[in-house]
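Please open the model in a viewer and keep the selection panel at hand.

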Amino acid sequence: MGRELRQGTRVVRSARSLPEGEGAPVAPSLVQSVAFDYASAARQDEVFGNERPGYVYGRYGTPTTAALESALAELDGAEGAVCFASGMAAIAAFVDACAIASGGRVVAQEDVYGQTRALFERWVRERGAKITFVDPTDRRAVESALRDAPASLLYVEAIANPLLRVVDITALADLAHKNGATLAVDATFASPVLVQPRSLGADVVIHSLTKYVNGHGDVMGGSVAGGADVARAMRDRTILDGAYLPPHEAWLVIRGMRTLDLRVRRQCETALRIATWLAQHKKVARVRYPGLASHPQHALAKKQFGGLFGGVVTFDLASGSRESAFRFLDSLEVAASATTLGDLWTEFLYPAISSHRRVAPEERARLGITDGTLRMSVGIEDPEDLIADLEGALSRA
Ligand SMILES: Cc1ncc(COP(=O)(O)O)c(C=O)c1O
């Protein structure tokens with residue numbers, strides 16, 4: 001700048017860039033900037049035209065969110081990843097772009113996360129979307145749904161919420177591809193520590209970053225990782241639909257993600273111990289946990305997840321009533337009764353009043369979610385304190 005600026009101009013322009021100097025930061029920079037200044041309009045034109053990498057505006061990409069996207073693409077073994085403002089925003093963007101918007105048919109797992117199911121059902125009602133719900137563990141049912149009504153997308157969860165059904169990703173990828181469909185896996189419950197679906201043949205991996213990846217209960221976010229074409233389509237969605245993950249949130253997710261492996265391993269270890277303990281308790285009718293031999297997909301889980309079984313345990317109270325479930329939740333002293341999972345601390349969710357509230361009672365019953373079903377997301381507390389908390393709450397249930 002050749003001209004000497006006056007104070008009023010200097011304060012507006014102050015501290016626009018970080019001072020340069022030796023030494024690379026060990027924590028990522030939080031670039032909380034919506035816009036990016038260009039000394040050359042020609043350069044700016046090249047960036048807008050995707051001829052040169054760079055940043056132009058908050059919805060198109062920010063350096064801090066891009067750092068998270070590169071890290072996720074690496075963890076998910078993908079060519080690219082795009083982050084959204086929540087897991088639901090990621091699911092809505094991807095499924096719409098991949099199938100619904102172009103009239104494609106979707107074959108979806110029947111017991112996906114309750115809000116995902118509610119979204120799909122709304123699209124059927126309001127947009128005439130073609131979505132067939134199937135039991136993903138029934139190979140013949142999946143195959144005939146894919147074949148009879150040619151589908152463009154097969155949509156499943158690696159470990160389903162909240163019944164913890166485990167899907168065979170390799171077999172489903174094979175079925176999807178033989179029938180010309182894309183396989184998308186919501187790996188939120190498994191996290192990249194248990195499985196990298198793309199290494200087993202899946203095309204697209206979705207995470208609610210709100211859960212294990214961040215793990216600290218202070219950020220909502222979602223991601224879609226896949227080939228370059230998927231990444232391009234998702235970038236187009238963040239630009240036009242606007243549900244992009246802001247830089248401060250991305251910065252927090254990066255910080256949380258650095259302990260992902262450590263947290264998830266500890267959670268899996270404690271969850272197995274708790275599931276085993278609950279299975280012999282007289283006030284518990286049924287325990288669902290992929291690490292128990294009684295789980296229908298135990299052998300598959302063991303092979304697919306490398307000896308880890310996840311941090312969520314779902315169980316049915318023997319009484320099977322809403323009153324005793326409320327008494328149980330109200331009696332917890334260590335665990336929280338809070339609607340999320342994958343955090344550092346233990347959290348209970350009661351599907352009948354929360355995640356599956358919008359699912360019709362008959363459908364809930366058909367899926368196996370009763371008034372006695374509780375979902376426990378195991379944290380990193382001392383396992384002895386968690387078992388004592390469970391014992392106390394069960395005695396009052
Ligand atoms: C498996 C699964 N996918 C997606 C979501 C949605 O994520 P978010 O709450 O970040 O929108 C959830 C939320 O619980 C979930 O459990």
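In which loop is Leu 164 found? Select the loop between S4 and H7, for Leu 164 is found there; helices (H or I, at least four residues) and strands (E, at least two) are DSSP runs, numbered from the N terminus. The model is predicted, so local features need pLDDT of at least 70 and side-chain atom pairs count only at pLDDT 80 or more, while totals for chains, interfaces and linings use all residues. Residues are numbered from 1 along each chain as its sequence is written, and side-chain values use heavy atoms, with hydrogens and water left out.

**The loop between S4 and H7**

Leu 164 is not a glycine, yet its phi is positive, at about 65°. Next, select Pro 162, which lies in the loop between strand S4 (153-157) and helix H7 (169-178). The peptide bond that joins Asn 161 and Pro 162 is cis, with omega about 5°. Most residues other than glycine have a negative phi, and most peptide bonds are trans.

**H6 and H7**

Axes are lines fitted to C-alpha atoms, for helices over the stretch in contact, and angles run from 0 to 180 degrees between N-to-C directions. On the H6 side, display Arg 139, Val 142, Glu 143 and Leu 146, which meet Ala 171, Leu 172, Leu 175 and Ala 176 in H7 (contact means heavy atoms within 4.5 Å). This contact of H6 with H7 has six nonpolar, no polar and two charged residues; Ala, Val, Leu, Ile, Met, Phe, Trp, Tyr, Cys and Pro count as nonpolar, Asp, Glu, Lys and Arg as charged, and the others, Gly among them, as polar.

**H3 and H10**

Now select helix H3 (residues 63-75) and helix H10 (residues 247-257), which pack at an angle of about 40° with their axes 8 Å apart. H3 and H10 are therefore oblique to each other, and their crossing is left-handed. Residues of H3 that meet H10 include Leu 68, Ala 71 and Leu 72; among their counterparts in H10 are Trp 251, Val 253 and Ile 254. The contact of H3 with H10 has eleven nonpolar, two polar and no charged residues.

**H11 and H15**

Move on to helix H11 (residues 260-279) and helix H15 (residues 383-396), whose axes come within 11 Å and cross at roughly 35°. H11 passes H15 in a right-handed crossing. The contact includes Arg 266, Arg 273 and Trp 277 of H11, and Glu 384, Leu 390 and Glu 391 of H15. By class, the contact of H11 with H15 has eight nonpolar, one polar and four charged residues.

**A last selection**

Finally, display helix H2 (41-48), H3, strand S1 (80-84) and helix H9 (228-241), each of which supplies at least two residues of the lining of the largest pocket. H9 gives the largest share of that lining, five residues.

Key:
Parallel < 35°, antiparallel > 145°, perpendicular 65-115°, else oblique. Left-handed = near helix turned anticlockwise from the far one by under 90°.
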